[in-house]
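Good morning, and thank you for coming. Please look at the sequence and the structure on the screen while I take you through the fold.

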Amino acid sequence: MIITQKKPLEELLGMLDGAKTVALVGCGSCATACATGGEKEIADLSKVLEQHGMKVVATAMSEYCCMHLKTRTILKPVIAANPDAVVAMSCGDGVQVIAQYCKCPVYPSNNTMFLGESVKLGLFEEACHLCGDCVLGKTGGICPISRCAKSLVNGPCGGSRNGKCEVNPENPCAWIEIYNKLVELGQEYKIGITRDDKGYEKVSYPRTINIRGDKK
Ligand code: SF4
Ligand code: SF4
């Protein structure tokens, strides 16, 4: 899932400077799980904005803000309310989808942090940098790009101490974890294989993937 964090209120209020009427759009998937864009957060932010003299003229919730069809549909009452501004309570992708359908400015209430796992309620860990060339099959299912502070494809770096990362000793060294996992899997021979350096041609932005064939 995409992990988001609320922006400081002052920053959001600064963006909304001058707006008298606002609409809030939440996201029912990742942002709800992160407590940054669910029904409760919409209600809380509505109250705060009203306290700051703005009128909340519409609220809406898309099941997935990143999906155009669903989001376009739920935006109809928002657009009809003709607000001065819309606050998109989603990840940055959702903000961009919403902005494509609104004539007024659309502002993000969240910072989009990373693609990660919900380990337990309220605890999220970074897990994938969307590199476009997944090496998990060679690393025991542990991502060296996102879990190693240096994104080393051939680690460890030599700075690891007592199984911890030299960059942030609070984190385990990803490459020690990879080694231990490969041993557990009976695949320790893979640690000695030299993995190709990452080719960054797969991450030349923006990327588009079309699985629709000739369908428009
Ligand atoms: S190697 Fe890591 S960053 Fe790349 S796709 Fe796989 S999990 Fe994501
Ligand atoms: S100590 Fe381990 S996790 Fe940290 S940078 Fe070096 S190889 Fe990567």
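Let me begin with a term: two strands are said to pair if DSSP finds at least two bridges between them. Helices (H or I, at least four residues) and strands (E, at least two) are DSSP runs, numbered from the N terminus. What we have here is a predicted model, in which local features need pLDDT of at least 70 and side-chain atom pairs count only at pLDDT 80 or more, while totals for chains, interfaces and linings use all residues. Residues are numbered from 1 along each chain as its sequence is written, and chains are lettered from A and ligands numbered from 1 in the order in which they are written.

With that settled, consider strand β2, residues 21-27, which pairs with β3 in the parallel sense over seven bridges. Within this pair, A23 stands opposite A58 of β3. Both strands belong to an open sheet of four strands with parallel pairing, in the order β3-β2-β4-β5. Its edges are β3 (55-62) and β5 (106-108), each of which pairs on one side only. On average, neighbouring strands of this sheet are turned by 25° against each other, direction ignored.

Helix α3, residues 39-51, packs on the sheet and touches β2, β3 and β4 (85-89). Contact here requires C-beta atoms, placed from the backbone, to lie within 7 Å. The direction of α3 makes about 165° with that of β2; axes are lines fitted to C-alpha atoms, for helices over the stretch in contact, and angles run from 0 to 180 degrees between N-to-C directions. Helix α6 (residues 92-101) lies across β2, β4 and β5, and runs at about 175° to β5.

Let us turn to the whole chain. The protein chain has eight helices and seven strands. Its radius of gyration, taken over C-alpha atoms, is 21 Å, well over the 17 Å that the globule rule (2.2 Å times the number of residues to the power 0.38) gives for 216 residues, so the chain is more spread out than a compact globule. Along its principal axes, the C-alpha trace spans about 60 × 45 × 25 Å. An automatic or database assignment gives domain 1 (2-113) and domain 2 (130-203). The centres of these two domains, taken over C-alpha atoms, are separated by 37 Å.

Finally, the ligands. Which residues come nearest to ligand 2? Of the 15 residues around ligand 2 (C-beta atom, placed from the backbone, within 6 Å), they are C148, C157, S160, C165 and C173. Around ligand 1, the residues include C128, H129, C131, C134 and C143.

Methods. Contact = placed C-beta atoms within 7 Å.
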